[in-house]
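Let's take a friendly walk through a protein structure together. Keep the sequence and the 3D view open side by side as you read.

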Amino acid sequence: MIMIKIFASVLLILVILMGLKQGMAMFSGNEAMLAMFGKFNFNRFWVKAIGLLTIVAAIMVLHPHTFVVGNILMASLILLILCLQLSIMDIRGAMIEVPFLLMNLSLIYFQYPTVKK
């Protein structure tokens, strides 16, 4: 039981850090992000909007009361990117997104690590 809590805590930290990192890259208009979203005909405004949503979702994951909603929002954004990758037949790009989606879904399954059940 304690190992599951430790695993969930480490996973929680990873998800938050990666969400903030990717969200900031999108929000700041990183050239790699703009190039990736440019393939889907997203302009700079929509890349920033998705980046802001990613940052908000990462912050929501921090708090136990918004934990599930934040994870669902982040998983939805990852699923959006995965589907967009598949729409242009970029299988490799879509497969890169799968572990990140599974991380968020795993966190929902394990629940918030410090809350008593």
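**A walk from the inside out**

Val-47 is buried, with a relative accessible area of 0%. Here, buried means under 20% relative accessible area, exposed means over 50%, and partly exposed is in between, using a 1.4 Å probe and protein chains only. This is a predicted model, in which local features need pLDDT of at least 70 and side-chain atom pairs count only at pLDDT 80 or more, while totals for chains, interfaces and linings use all residues. Residues are numbered from 1 along each chain as its sequence is written, and side-chain values use heavy atoms, with hydrogens and water left out.

Val-47 belongs to helix α3. Helices are DSSP runs (H or I, at least four residues), numbered from the N terminus. Between the C-alpha atoms of Val-47 and Ile-16 there are 19 Å, and the two residues are 31 residues apart along the chain.

Now turn to the surface. Ile-2 lies in helix α1 and is exposed, with a relative accessible area of 61%. Together, Ile-2, Met-3, Ile-6, Val-10 and Leu-14 make a nonpolar surface patch of about 500 Å². Such a patch is made of residues with over 30% relative accessible area and no salt bridge, with nonpolar side chains (Val, Leu, Ile, Met, Phe, Trp, Tyr) joined within 5 Å. The accessible areas come from the Shrake-Rupley method with a 1.4 Å probe, and for residues only the protein chains shown count as cover.

What about charges? Side chains of opposite charge can pair when their charged atoms come close. A salt bridge is a side-chain nitrogen of Lys or Arg within 4 Å of a carboxyl oxygen of Asp or Glu, and by this rule the count comes to one salt bridge. Its partners are the side chains of Lys-39 and Asp-90 (3.8 Å, N to O). Lys-39 sits in the loop between α2 and α3 (44–62) and Asp-90 in the loop between α4 and α5, so the pair ties together parts that are 51 residues apart in sequence. Lys-39 is partly exposed at 45% relative accessible area, and Asp-90 is also partly exposed, at 22%.

Finally, look for the largest pocket, which holds about 420 Å³ of space. Of the 20 residues that line this pocket, the closest to its centre are Gln-22, Ile-78, Ile-81, Glu-97 and Phe-100. A pocket is an open set of points on a 1 Å grid over the protein atoms alone, where a 1.4 Å probe fits, with protein on both sides within 12 Å along at least five of seven lines; lining residues have an atom within 4 Å of a point.

Terms used:
Points joined across faces, edges and corners; volume = space filled by probe spheres on them. Patch = residues over 30% accessible without salt bridge, like charges linked within 9 Å, V, L, I, M, F, W, Y side chains within 5 Å. Helix = DSSP H or I, 4+ residues; strand = E, 2+ residues; numbered from the N terminus.
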